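User: I would like to learn how to read a few features of a protein model. Please take them one at a time.

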Amino acid sequence: MRLFSFHLISLCLISLSLSGQKALLNGYLNDSNNKLPISNAAIYLEPGNRQTISDARGKFEFKDLEPGDYKLRIKHVSYQEHSQIVSLVSGKSDIFINLEFKNELMAEAVVNGSSLTGGEKGIRQLSGSAHYLGLKALETYEYNDALRLLRRIPGVYLQEEDGFGLRPNIGMRGTGVERSSKITLMEDGILAAPAPYSAPSAYYFPTSGRMEGVEVRKGSSQIEYGPYTTGGALNFISTQIPDEFRAKLDVLAGSFGQRRLHAYAGESFTHFGFVVETYQASADGFKELDFGGPTGFDLADYQAKFRINTAKDARIYQALELKLAQSINNSDETYLGLSQDDFATTPYRRYAASGLDRMETDQKQYKLSYTLKPNRNINIVTTAYRNEFSRNWYKLDKVLSNGENVSIANLLANPAAYADAYQTLIGAGDDTLYLKNNNRSYYAQGLQSKVIYNWKNQQIKAGLRYHEDGMDRFQWNNTFSLDQGNFTLINAGTPGTESNRIEDARAWAAFAEYRLTWNKWTFNPGLRYENINLARHDYGKSDVDRTGVNLNERENQVEVFIPGLGIRYDLSTKNQIFAGIHKGFAPPGSVAGSKPEASINTELGIRWDLNFAKLSATAFYNDYQNLLGSDMAATGGVGNNLIYNGGAASVYGLEAELNGEIRPDASNWAFPWAFAYTFTHAQFDNSFESDYEAWGTVNKGDELPYLAEHILNAQLGAAWKRLALNSSISYQSAMRTQAGSGTIATDHEIPAQWMIDLSGTYHLNYHFSLFASVRNLGDAVNLVAMRPAGLRPTMPRSFLFGIKARW
């Protein structure tokens with residue numbers, strides 16, 4: 001009896017102990033596609049109104065729970081919302097959840113035609129080279145400099161100029177980088193250069209810091225997007241109207257007086273959606289002006305989008321979206337660089353003569369898009385657009401010394417030969433300074449429509465665009481004397497007496513592309529058509545009222561068919577081989593009879609899943625029959641915008657990227673990594689004499705300027721619980737600034753250089769994060785350009801920190 005009583009009491013005590021034991025829930029979130037962990041997801045547990053976020057390993061935890069049934073709800077900006085019932089018993093319970101990639105930020109962009117790729121998943125449907133950087137990649141470093149951002153993409157060539165990335169120089173696959181004038185630059189699928197046909201130099205460039213996606217398409221897969229088809233298309237995706245309420249507020253500050261504010265709010269209802277946004281950035285500048293003065297910038301971007309639409313499940317879906325945007329950028333920037341000797345001793349110096357230099361710009365966008373989906377297989381998007389851009393770059397242009405007008409480019413190339421003029425530059429001479437009001441206004445407008453028809457294993461895309469653009473140059477000079485930093489006006493010029501002309505273009509463009517999938521093969525033949533009329537109306541420097549008394553006109557007409565073919569073979573659901581061939585094209589100038597740029601471009605590539613990493617690699621060869629170069633003051637020329645023929649040239653190379661993540665067992669650490677590498681060899685295949693300064697006397701076999709042979713970028717990260725640390729390590733081999741071969745002369749060389757950036761984010765909770773970054777960790781003094789006039793440095797080491805909020 002005593003034994004029985006003892007067992008009975010023991011069982012009761014055990015029962016009471018178990019009944020009092022709490023439950024512990026451990027969860028693990030992974031991407032259903034690549035099985036990578038999902039961090040910074042919001043996890044809600046009800047009842048109890050508990051909330052937490054997932055860490056770097058995708059893990060979350062809830063402690064001290066009463067056994068029973070709970071509703072688990074998971075939210076993340078890039079994944080489908082997930083909910084499920086979990087039944088908890090005493091002790092520890094583990095659950096593993098795979099989330100479906102929502103790509104919501106891309107979904108709307110795909111429907112309304114703003115995206116060129118369709119995001120990561122869409123790239124796998126393309127029979128050609130393409131790259132996409134999503135919101136996570138863009139927020140890692142909070143770059144407002146497109147050049148730093150695009151280092152992650154192979155096959156893209158970059159040349160800095162001002163250190164802040166205000167006016168990027170970008171090329172692809174051997175095209176020139178001059179003011180990004182040889183690529184198809186777009187925002188939300190619309191041409192974004194101020195005047196893409198008649199004056200494509202991108203003195204306006206989309207503000208990278210306010211974007212939520214960046215895309216690049218190259219090879220035959222991008223003939224849909226013209227007119228520049230040799231290198232590729234670069235598209236920035238602005239903040240889209242969200243499916244549900246979303247808001248953001250970033251407040252950052254840092255070195256050199258950097259200040260940054262980015263805020264937006266948006267929501268969608270059954271028949272209406274909107275987003276309003278502002279992006280503000282400014283800096284005092286990192287260059288030191290003789291006798292003091294500002295060398296920074298102020299940028300203010302505003303955007304609003306409004307959409308009315310039928311219900312998403314309507315039999316015929318329709319949507320009308322209006323986009324209104326404005327970008328105002330004022331910068332105390334100059335064309336005046338430094339001499340070789342001064343760069344070696346004081347690389348961040350600014351000569352006194354540039355003390356009045358200032359660029360003021362104002363860009364406006366208007367876009368109205370109508371989307372029609374009569375059934376699940378057809379999507380039609382029609383868009384009317386207009387961009388307006390005005391700018392006046394008031395800057396030192398030349399020095400009148402000893403009766404001779406000396407350009408600042410010639411002066412800094414040989415200051416010993418112009419000793420008196422050089423003394424005036426530093427504020428110690430008595431020569432006359434000519435400051436030019438480089439005043440221009442641009443417009444670009446058009447109407448385009450695209451239809452996509454899918455059925456079974458086939459797709460047809462077709463589009464038509466009518467486009468007009470133009471540039472109005474109305475410029476004049478003022479003359480000054482300079483004494484110890486003090487400017488005295490000698491003569492205020494009359495507007496229109498330095499340059500007084502209009503450039504304009506009218507263009508019809510059409511394309512058709514067919515896709516057939518047969519077994520593991522996909523065939524993509526396509527054809528583009530461009531019909532362009534380019535004209536110049538020069539009123540002359542003496543007819544400021546534009547009466548036409550001395551009007552000088554010229555006109556050029558171009559018609560071209562641009563065929564392309566892409567082929568893809570799917571070795572498996574994850575591994576692909578693709579190849580393509582297409583015609584490269586770039587419009588010529590308005591000189592009658594001038595011929596467009598023409599080339600035959602081929603590529604061969606793979607997309608491969610190695611289990612531990614993903615590999616993408618493409619070999620390319622561009623065979624130019626007629627390479628074009630444009631004389632611009634921004635590239636050290638005289639600024640007459642004449643188009644020069646370079647004849648035959650060949651460019652070949654390799655683009656590769658490899659990325660993955662290391663997750664040690666029994667550890668809270670995760671180590672994401674990525675590598676991007678570009679090899680390029682570009683040479684002229686004929687000999688000739690050119691007035692284009694970057695070419696000069698060319699011998700067959702000479703290498704093209706401003707193209708580095710080797711470019712490497714490594715992204716190395718470490719994440720622990722709520723902390724994420726990232727580094728970007730970039731290398732660029734030496735490149736020449738003028739065509740040539742053999743050893744590069746010192747006065748024509750941009751030396752090889754390294755650059756290291758760091759960033760860190762700590763998630764306080766789902767809504768708030770702390771952010772800090774270091775640019776140019778090693779404080780490298782890198783020479784990045786010898787144009788427009790003189791040598792220019794990259795920005796020295798700088799810091800940025802602040803708080804980021806999401807709702």
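User: Which residue stands opposite methionine 211 in S14?

Analyst: Serine 238 of S14 faces methionine 211. This is a predicted model, where local features need pLDDT of at least 70, side-chain atom pairs count only at pLDDT 80 or more, and totals for chains, interfaces and linings use all residues. Residues are numbered from 1 along each chain as its sequence is written, and side-chain values use heavy atoms, leaving out hydrogens and water.

User: How many bridges join S13 to S14?

Analyst: Two strands pair if DSSP finds at least two bridges between them. Strands (E, at least two residues) and helices (H or I, at least four) are DSSP runs, numbered from the N terminus. Here, seven bridges join S13 (residues 211–218) to S14 (residues 232–238), and the two run antiparallel.

User: What is the strand order in the open sheet of five strands?

Analyst: The order is S8-S13-S14-S11-S12, with mixed pairing. S8 (130–133) and S12 (190–191) each have a single partner strand, so one side of each lacks a neighbour in the sheet.

User: What lines the second largest pocket?

Analyst: A pocket is an open set of points on a 1 Å grid over the protein atoms alone, where a 1.4 Å probe fits, with protein on both sides within 12 Å along at least five of seven lines; lining residues have an atom within 4 Å of a point. This pocket has 41 lining residues, with Val110, Thr117, Gly118, Ile452 and Gln459 nearest its centre. H2 gives the most, four residues.

User: How do the residues of that lining divide?

Analyst: Ala, Val, Leu, Ile, Met, Phe, Trp, Tyr, Cys and Pro count as nonpolar, Asp, Glu, Lys and Arg as charged, and the others, Gly among them, as polar. The lining of the second largest pocket has 14 nonpolar, 18 polar and nine charged residues.

User: Where are cis peptide bonds and a positive phi found?

Analyst: Most peptide bonds are trans, and most residues other than glycine have a negative phi. Glutamate 46 and proline 47 are joined by a cis bond, with omega about 0°. Proline 47 is in the loop between S2 (42–46) and S3 (50–53). The bond from arginine 787 to proline 788 is also cis, with omega near 10°. Proline 788 sits in the loop between S44 (783–785) and S45 (792–793). Serine 180 has a positive phi, near 55°. Its place is the loop between S10 (169–172) and S11 (184–187).
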